[in-house]
Number of protein chains: 2
Amino acid sequence: MDHKDVTKGGASVPALRRAVAILDHLSETSEELTAADLCRALKIPKSTAHGLLQAMEELGLVIRDPAGRLGIGPRPMRWSSRFLAKSDLVSAFRQHFDRDARLSGYTITLTVLEETEVVYVACSNSSQPLGVTFRIGMRLPAAFTATGKAQLAALPEAEVAARFAGGFPAPLTRYSVRDLAALRAGLDRDRARGFSVDDGETREGMTCLGAPVRNHEGRVVAGLALSLTRSEATAEKVEELGAQLRSAADGISALIGG
Amino acid sequence: MDHKDVTKGGASVPALRRAVAILDHLSETSEELTAADLCRALKIPKSTAHGLLQAMEELGLVIRDPAGRLGIGPRPMRWSSRFLAKSDLVSAFRQHFDRDARLSGYTITLTVLEETEVVYVACSNSSQPLGVTFRIGMRLPAAFTATGKAQLAALPEAEVAARFAGGFPAPLTRYSVRDLAALRAGLDRDRARGFSVDDGETREGMTCLGAPVRNHEGRVVAGLALSLTRSEATAEKVEELGAQLRSAADGISALIGG
DNA sequence: CCCAGAAGTTCAATATATTGAACACGATTC
DNA sequence: GAATCGTGTTCAATATATTGAACTTCTGGG
């Protein structure tokens with residue numbers, strides 16, 4: 001068997017790859033684009049884009065505003081909600097915290113890493129307000145968040161560097177880590193400790209602890225976090241909660257490991 | 001201009017339509033499926049599915065577990081989170097309810113109609129528990145929900161009939177409307193009244209009122225609903241809240257109308 | 001009012017994906 | 001241990017999507 005086929009990664013089912021590229025581009029761009037903009041940006045011939053976008057609109061993948069500008073359609077929502085609901089990740093997460101009352105008073109969130117950001121895929125906001133509510137679908141720079149660090153810490157150093165090659169995110173608070181070197185130092189500490197910490201890096205006054213969730217292969221597939229107000233976060237409490245969080249994350253990992 | 005092109009709804013860009021069908025099917029099915037299951041269910045030739053699934057896996061649209069079973073991949077999350085973040089609808093919803101406190105005590109939801117189902121795209125859960133929490137991305141049969149009815153009521157009769165040609169959804173409670181005839185009668189009442197009602201059709205003991213949200217062209221693009229417990233839903237209160245809901249929906253329509 | 005430019009639409013030739021049949025592989029059964 | 005069933009993979013012929021060029025429509029300027 002040959003170890004790699006050249007045609008594999010390149011081009012097959014171009015329509016699908018184009019559609020994915022279009023949706024990616026639409027979600028990366030802040031302003032809404034016109035069909036012609038897309039053609040220029042993605043090097044798609046006008047006529048191809050025409051038929052493709054028509055089908056995509058029919059399928060609910062994109063929507064057009066009055067001016068004909070394109071936006072992401074609602075259809076993907078049904079898939080991602082299912083990804084969340086079914087993905088053993090979230091059910092395991094819920095299951096664990098329904099049983100284990102020790103952590104049930106805290107706000108717990110689950111995110112997945114995408115490039116240099118984390119996307120919130122589940123949260124159980126605690127009764128006691130934090131001043132922050134996490135919303136499903138919300139994204140934050142991975143470098144500042146506990147879950148992001150937990151997931152970045154599991155990547156090879158070179159991969160981390162590669163992801164931030166395009167630039168380091170702008171700080172959210174005065175505590176936000178400023179550059180790749182500082183981030184890597186933090187990741188080293190986190191690896192040693194077994195869980196990661198965001199001490200006011202995303203919001204002043206809020207401390208989050210994060211731990212990695214792994215799949216059956218040991219690959220990190222999500223991050224589990226626990227948020228508390230800074231005043232609650234005494235050194236010993238952080239250690240205690242961190243350990244609990246780690247075991248919770250391990251429990252989730254075990255559940256999804258089969 | 002011809003009113004309908006036969007080739008339009010039928011088949012174009014089959015690869016994309018197949019991919020969407022696969023993702024839909026995966027999200028509708030509770031267990032994880034194997035590739036062969038998909039072929040049987042969707043009548044896709046094995047070899048076609050092979051190439052398609054390979055590309056879809058590469059693109060992160062589907063994932064395979066160790067046993068080769070298929071699940072929804074993480075890629076759609078980035079799109080739907082962007083839809084949530086950027087969608088005019090959702091931001092208009094937020095904007096409106098941040099300003100207008102009249103309805104702020106109630107649970108308010110926003111859905112979009114897809115075929116015969118509604119998808120929840122935004123919600124502001126009230127403090128007072130309803131026994132039901134609406135989660136973003138959740139889907140319910142349009143025929144039973146207030147928002148679904150509000151959106152169906154705006155379609156031509158023939159279109160409504162066409163959508164349910166494949167069968168009417170199974171009732172969720174003993175109050176759920178049972179067939180197309182009853183639904184249409186209900187829609188007539190709703191049109192006359194200006195808002196629609198789900199009186200225990202989705203959950204016994206919960207009453208919802210729904211109103212349509214329109215875009216610049218007057219086309220209905222979403223449904224806004226207010227939920228309350230059945231005991232709160234006296235006739236006069238329903239009328240009063242219904243009127244307020246209608247004006248809220250009109251407010252949102254104005255925001256997205258430009 | 002007419003014209004220039006851009007965006008969008010249509011169409012026939014071509015390059016490409018799709019498909020059924022044949023082939024490998026592993027599990028399960030006898 | 002041999003055979004069968006189901007699954008996944010490969011391949012060449014065909015049916016189909018893709019593409020550039022020509023055409024329409026619309027907006028904005030002179």
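This is a predicted model: local features need pLDDT of at least 70, side-chain atom pairs count only at pLDDT 80 or more; totals for chains, interfaces and linings use all residues.
Let me begin with the overall picture of chain A. The model gives this chain 10 helices and 8 strands, and of its 258 residues, 48% count as buried. If we take the contacts in chain A with a separation of 6 or more, then 57% of them are accounted for by residues 24 or more positions apart.

Now to a pair of helices in that chain. Please find helix H2 of chain A, residues 14–28, and helix H4 of chain A, residues 46–58, whose axes come within 11 Å and cross at roughly 75°. An angle of 65 to 115 degrees counts as roughly perpendicular, so H2(A) is roughly perpendicular to H4(A). Which residues make the contact between these two helices? From H2(A) they are Ala15(A), Arg18(A), Ala19(A), Ile22(A) and Leu23(A), while H4(A) brings Thr48(A), Leu52(A), Leu53(A) and Met56(A). Sorted by class, the contact of H2(A) with H4(A) has 7 nonpolar residues, 1 polar residue and 1 charged residue.

Staying in chain B, let us look at helix H4, residues 46–58, which has 13 residues and reaches 18 Å from its first C-alpha to its last, close to the 18 Å expected at 1.5 Å a residue. Which residues of H4(B) are buried? They are Ala49(B), Leu52(B), Leu53(B), Ala55(B) and Met56(B), and because they cover an arc of only 160° around the axis, they sit on the same side of H4(B). On the other side of H4(B), by contrast, Lys46(B), Ser47(B) and His50(B) are exposed. The cover over the buried residues includes H2 of chain A, and from chain B it includes helix H2 (14–28), helix H3 (35–42), strand S1 (62–64) and strand S2 (70–72). Just after H4(B) comes Gly60(B), which takes a positive phi of about 80°.

Helix H9 of chain A, residues 180–193, has 14 residues and reaches 20 Å from its first C-alpha to its last, close to the 20 Å expected at 1.5 Å a residue. Its buried residues are Leu183(A), Gly186(A), Leu187(A) and Asp190(A), and seen down the axis of H9(A) they fall within an arc of 105°, so they line one face of the helix. Ala181(A), Arg189(A) and Ala192(A), on the other side of H9(A), are exposed. Among the elements covering the buried residues of H9(A) are helix H7 (146–152), helix H8 (157–163) and strand S6 (196–199) of chain A. Just after this helix, Gly194(A) takes a positive phi of about 95°.

Most residues other than glycine have a negative phi. Lys43(A), however, has a phi near 60°, a positive value in a residue that is not glycine. Where is Lys43(A) placed? Its place is in the loop between helix H3 (35–42) and H4 of chain A, and with a relative accessibility of 69% it counts as exposed. In chain B, Lys43(B) has a positive phi of about 60° although it is not a glycine, and this residue lies in the loop between H3 and H4 of chain B. At 69% relative accessibility, Lys43(B) counts as exposed.

I will finish with a residue in a strand. Ser124(B) is found in strand S4 of chain B, residues 117–124, and at 25% relative accessibility it counts as partly exposed. Leaving aside residues up to four places away in sequence, Ser124(B) touches Phe93(B), Tyr106(B), Thr107(B) and Ile108(B). The C-alpha atoms of Ser124(B) and Leu110(B), which are 14 residues apart along the chain, are separated by 9.0 Å.

Terms used
Residues are numbered from 1 along each chain as its sequence is written. Chains are lettered from A and ligands numbered from 1 in the order in which they are written. Side-chain values use heavy atoms; hydrogens and water are left out. Axes are lines fitted to C-alpha atoms, for helices over the stretch in contact, and angles run from 0 to 180 degrees between N-to-C directions. Helices (H or I, at least four residues) and strands (E, at least two) are DSSP runs, numbered from the N terminus. Angles under 35 degrees count as roughly parallel, over 145 as roughly antiparallel, 65 to 115 as roughly perpendicular and the rest as oblique. Contact means heavy atoms within 4.5 Å. Ala, Val, Leu, Ile, Met, Phe, Trp, Tyr, Cys and Pro count as nonpolar, Asp, Glu, Lys and Arg as charged, and the others, Gly among them, as polar. The expected span of a helix is 1.5 Å times one less than its number of residues. Buried means under 20% relative accessible area, exposed over 50%, partly exposed in between (1.4 Å probe, protein chains only). The arc is that of the directions from the helix axis to the C-beta atoms.
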